[in-house]
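This report covers one protein chain, from single side chains up to the overall dimensions. The sequence and structure come first.

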Amino acid sequence: VIVKAERPVIRMINNRLTYDLQSVKQNKIIANAHELLKELPSISSTDGNSLNLAGANGTTILISGKVSSLSTEQLIEYLKTLPAEKVEKVEVIYNAPPQLHIKGAVINVVLKKENRYTMNGQVQATWTNQHENSFSGVGSLFLTSPKWSFDLMYKRQKHTLGNDIYDIDSENHTKSTSNKHNVYTNIAYNLDDTQSLELSYNGLYAPRNKSDAYNVNNLFSDANSLNKGKDYLHNASLYYKHKWGNISVEYTNYTDDNTQNMKYIKDHHSIDAFTYQRKQ
């Protein structure tokens, strides 16, 4: 007697569509959580990067039922560095319940709770050439134990853009350089089976942004605009989760400092037009 059984790819549990990831990953090479989500039937990615729930106007991505302090771009980078084997299940909710404090559709990526000591991570590098060179590097590290978990992600970007030409009656040359660093870390501690404590930090540092634009125009005076500045973002949140409810405290600090110098070019001489300084 031979008994065969198949696990369904999708099940309805507590008004949530829950996917069996072992069936989804079968006969496929999937390295990270981002690639895993793109394989799910109800999730689409029109540009290969963003993640949207089919038939929904807007989609919020949760990590283990918690709203992340990361921006959409940073959250996508986090999913790309999160190993697929760390994801226990994926829940899809088309109408979020009130306790999530979210309107609309939700994709909940539930991470595994390890009862052992583990360490894994990933390193990625990207190079793009479009007129000029752009570089980015991303590294992640994940540590887990029966009580603790620690996540760390770091990303560095360097962009260069040059020589945009418009055929109407003006010619614009722009040279811009930016140096960005993004750090995300999350520490979780399970007090017992009913309660847990999480501390997360997200930092975005852009210590040097510079853009130099030169415009040649046959209707107006030629102009040269120099923009430079820096900005920093710090976000820290403390999250307490209990079976009866959740409590969270969040702190955000943002600093932005930019200066623009505009000059007119007439008879090969520079004339100061204005200087503009912006601070937040």
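The side chains of Ser42 and Tyr19 make a polar contact of 2.6 Å; a polar contact is a pair of N or O atoms within 3.5 Å, where within protein one must be able to donate a hydrogen and the other to accept it, and residues adjacent in sequence count only if both atoms are side-chain atoms. This is a predicted model, in which local features need pLDDT of at least 70 and side-chain atom pairs count only at pLDDT 80 or more, while totals for chains, interfaces and linings use all residues. Residues are numbered from 1 along each chain as its sequence is written, and side-chain values use heavy atoms, with hydrogens and water left out.

Ser42 lies in the loop between α2 and β3 (43–44). Helices (H or I, at least four residues) and strands (E, at least two) are DSSP runs, numbered from the N terminus. With a relative accessible area of 11%, Ser42 is buried; buried means under 20% relative accessible area, exposed over 50%, and partly exposed in between (1.4 Å probe, protein chains only). Leaving aside neighbours within four places in sequence, Ser42 is in contact (heavy atoms within 4.5 Å) with Tyr19, Asn52, Leu53, Ala54, Val92 and Tyr94.

Ser200 is buried, with a relative accessible area of 3%. The side chains of Ser200 and Ser237 are joined by a polar contact of 2.6 Å. Ser200 and Ala236 are 36 residues apart along the chain, and their C-alpha atoms are separated by 5.7 Å.

Tyr19 also has a place in a sheet. Six strands form an open sheet in the order β1-β2-β7-β8-β5-β6, with mixed pairing; two strands pair if DSSP finds at least two bridges between them. β1 (10–13) and β6 (66–67) are at the edges with a single partner strand each, so one side of each has no neighbour in the sheet.

| Strand pair | Sense | Bridges |
|---|---|---|
| β1 and β2 (residues 16–19) | antiparallel | four |
| β2 and β7 | antiparallel | three |
| β7 and β8 | antiparallel | six |

Individual bridge partners can be named for these pairs. Ile13 is partnered by Arg16 in β2, and Tyr19 by Val90 in β7. Glu91 stands opposite Asn108 in β8. Five of the seven residues of β7 are buried, so this strand is mostly covered.

What is the size of the largest nonpolar core, and which residues have the most contacts inside it? The core has 31 residues, and those with the most contacts inside it are Leu37, Leu40, Tyr78 and Val87. A nonpolar core is a set of buried Ala, Val, Leu, Ile, Met, Phe, Trp, Tyr and Cys residues joined through side-chain atoms within 4.5 Å. At least two residues of this core come from each of α1 (21–25), α2 (33–38), β5 (59–63), α3, β7 (87–93), β8 (105–111) and β10 (132–144). A second, separate core has six residues, including Leu62, Ala96, Leu100 and Val106. In soluble globular proteins, nonpolar side chains tend to be buried together. Leaving aside neighbours within four places in sequence, Leu40 is in contact with Tyr19, Leu21, Val24 and Val90.

Helix α3 is mostly covered, with eight of its 10 residues buried. These are Gln74, Leu75, Ile76, Glu77, Tyr78, Leu79, Lys80 and Thr81. Glu77 has its place in α3 (residues 72–81), and its relative accessible area is 14%. Beyond its neighbours within four places in sequence, Glu77 is in contact with Val138, Met153 and Lys155.

At the level of the whole chain, there are three helices and 16 strands. The radius of gyration, taken over C-alpha atoms, is 24 Å, well over the 19 Å that the globule rule gives for 280 residues, so the chain is more spread out than a compact globule. The globule rule is 2.2 Å times the number of residues to the power 0.38. Along the principal axes, the C-alpha atoms fill a box of roughly 95 × 40 × 35 Å. Buried residues make up 36% of the 280 residues. Among contacts between residues at least 6 apart in sequence, 54% join residues at least 24 apart.
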